[in-house]
Amino acid sequence: MVEVRSACPLNCPDSCAFWAEPTEQGLKVRGDKENRITRGFICEKGRALANQASSPERLYFPLLREGQTFKRIRWDEAYARFAQEIRQTLAEVGPWGILHHYDYGHNGVLRALDRRFFQALGGVTEPRGSMCWGAGYRAQELDFGGVYSSSWTDLPHAKTIVLWGKDPAVTHPHLMPFLLEAKAKGARLIAINPLKVKSAKFVDEYLQVRPGTDGALALGLAHILLSEGWLDLPFVRERVLGLEDYAQRVKAYPPERTADITGVAPAALRALARTLGHEKPVSILLGYGLQRYTNGGNTVRAIDALAAVSGNVGRSGAGVHYAHQYHRGRFNSLLLPTEGLHPRSFPHAQIAENILRADPPVQLAVVTRSNPLVQQPDSYLWREAWQSMRFKVVLDWVMTETARQADLILPIASVFEDEDIIATSWSPLIQYAQKVMDPPGEAKPEWEIFTECAKRLGLDSHFPYSGREWLEYAIEPLAAEGTTLERLQEGPVWAPYIPEVAWADGQFLTPSGKIELSSALAAKELGDGVADYVPLQSESELSVFPYLLLTPHLGKALHSQFQEDEGFKAFLHPQTAAKHYLWQGDRVLVETAWGKLTAVVQVSEAIYPEAVMIPEGNTEQGLGVNRLIPGRLSDLGESTAYYDVRCALRKPGMVGGK
Ligand SMILES: Nc1nc2c(c(=O)[nH]1)N[C@H]1C(S)=C(S)[C@@H](COP(=O)(O)OP(=O)(O)OC[C@H]3O[C@@H](n4cnc5c(=O)[nH]c(N)nc54)[C@H](O)[C@@H]3O)O[C@H]1N2
Ligand SMILES: Nc1nc2c(c(=O)[nH]1)N[C@H]1C(S)=C(S)[C@@H](COP(=O)(O)OP(=O)(O)OC[C@H]3O[C@@H](n4cnc5c(=O)[nH]c(N)nc54)[C@H](O)[C@@H]3O)O[C@H]1N2
Ligand code: SF4
Ligand SMILES: [Mo]
């Protein structure tokens, strides 16, 4: 059999190039050695993806609920039922009676057609804001006028690299060779993280910061830079707006107070400030964990400002790298023009509570590219909202917890069973994923499912193309410049509009054209009550829920995908474990004001003593760790503040004993 080019569609910054081959033993994938970004290796999630494609866990046929189980139905029945549910909802409530829940379960260009379908109905109820990166994203838009990072290949020009709340060894593995190359060339690597994560093993210096206090840390570092005169004044004069306001804010963070808030000692603060001011260029790689707090947007703004005043933006080897939006507007959009559409939207974090009191009510849910009963916060409320809806449809290729609790399941083709184009917000590459094999059973490409449904609802004029034609249409503007489908089929293309160094021309896309440390727009969006850090709870709250609950991502899984069914694990610092008379392997009850679960104790020096860590994505009895987490919004971008929650620990069977 022949090996063909494919690409990883998972919600991962790396976007690996694959070579894929169907064999007697199932689908085999390997990395593409010629790829200068992903350099030939793929991670265990990429291999798990290929294994899943040829595994018996696949959904083969449309399934309709029958009591506690499902029965197999034919596609024409499935389409008829789906169309009938849509018609009934439109007649009884109108388009807002339909919830379309989607996220980024697949990065393919064609996957946007799900949204087009619901737009064609006039605009339904849909999520807004973000489950992921929204607070930091909006922060960078306010500061720089857009979210743009330098290429990974520019990193080895840095003299200092700060992994700020980011664990690339786990969540962005192909960045590691670039970091190690920089280190070999003499760059100093620093990690700032409440957990001594895997990447911390590779760094020269690790700072353990109290969760939720990075904003204060950045302001405290700026305090030292300002008072020592370690600024880049020519850069600030030319390119930065709002230094006076910022200096006022910074005044409140002298080293001793900053140390009290953040847990980072004054000497370490001073050493880091000196490095930022003198060991330039400095590249800051921002993770998304530090913005999953109610003050997350403000935190990223404080870090952006620190880079700005030290002149670490727009230069080779420098920058605050969060993601990039270079592809924006470069492809033809597969969505409908928004004029004339009237969708209703709810912030991701608060969909469940809004559904429960929605007027008009939501009767029909359709879930694509996501697994909300596990991944959305406030799972008990989500389950209640889910059960309150008359009919639920899930499109997926495996039986997720959300699918298990649906009424109709439509089986879709995986990335290996149809063609698509992958272009994402970290990689500079545009890649073509070729069809490797036919879908198993009766699974179908998602675009085909929506095209068929559109036909049955008289919406065919909105779905005139085949998958191939949609791809040709999407890349029309690129094809005019030479990036044709034929060219992409030969191998990945470095998007011609992506530069090595972000903001190199110093022309920021803010209203003033400068980096805006303060602005009327930011003040309006942030409103009053801006918190530079998450204040410690009151004594009475602390006595009930003393620990911060962190739920970061796991190496071998991608959220709820590829999880091993091994129950929840709660990672505790030895001091915390000892305080509760807990040993490795014991069972512990973890409780918040929103829910509780039982986990197996893992004792680890890597954990911040005041925190409990339970990786996200795992499930037990239909729900994940998000049963413990409220649907709180961040200060910017309507993002979800997953990590802003406190918990208590108890030995199962013990009453009260904390
Ligand atoms: N293996 C794997 N890789 C993935 C994913 C996955 O599920 N599995 N998911 C992908 C997706 S969708 C995303 S969004 C990215 C996310 O990638 P990252 O941003 O690297 O990781 P997260 O796990 O989201 O964020 C948690 C990190 O932030 C740290 N952190 C938590 N609170 C704080 C704090 O207050 N301050 C600081 N400084 N650090 C803090 C945590 O210890 C952890 O290292 O990863 C992508 N890559
Ligand atoms: N507690 C806590 N919760 C979190 C986070 C955290 O750090 N802590 N992280 C958050 C983050 S960063 C994110 S991005 C979200 C992720 O939230 P989700 O996107 O809901 O997470 P996944 O489990 O990856 O679910 C994606 C689903 O899409 C399916 N899928 C794959 N390809 C396709 C396709 O082509 N079409 C359709 N219809 N389905 C497809 C997959 O099989 C899978 O079931 O979770 C958030 N939840
Ligand atoms: S999950 Fe990420 S690192 Fe792993 S194969 Fe896919 S793109 Fe590569
Ligand atoms: Mo994410």
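This is a predicted model: local features need pLDDT of at least 70, side-chain atom pairs count only at pLDDT 80 or more; totals for chains, interfaces and linings use all residues.
Q: What makes the backbone nitrogen of alanine 522 and the side chain of serine 519 a polar contact?
A: The backbone nitrogen of alanine 522 lies 3.0 Å from a polar atom of the side chain of serine 519. A polar contact is a pair of N or O atoms within 3.5 Å; within protein, one must be able to donate a hydrogen and the other to accept it, and residues adjacent in sequence count only if both atoms are side-chain atoms. Residues are numbered from 1 along each chain as written, chains are lettered from A and ligands numbered from 1 in the order written, and side-chain values use heavy atoms, leaving out hydrogens and water.

Q: Why is serine 519 called buried?
A: Its relative accessibility is 16%, and buried means under 20% relative accessible area (1.4 Å probe, protein chains only). So serine 519 counts as buried.

Q: Why does threonine 400 count as buried?
A: Threonine 400 comes in at 11% relative accessibility, so the buried label applies here too.

Q: Which backbone nitrogen lies 3.0 Å from a polar atom of the side chain of threonine 400?
A: That of alanine 403.

Q: How many nonpolar, polar and charged residues make up the shell around ligand 2?
A: The shell has 10 nonpolar, 14 polar and 7 charged residues.

Q: Which side-chain atom lies 3.0 Å from an oxygen atom of ligand 2?
A: A polar one of glutamine 375.

Conventions:
Buried means under 20% relative accessible area, exposed over 50%, partly exposed in between (1.4 Å probe, protein chains only). Ala, Val, Leu, Ile, Met, Phe, Trp, Tyr, Cys and Pro count as nonpolar, Asp, Glu, Lys and Arg as charged, and the others, Gly among them, as polar.
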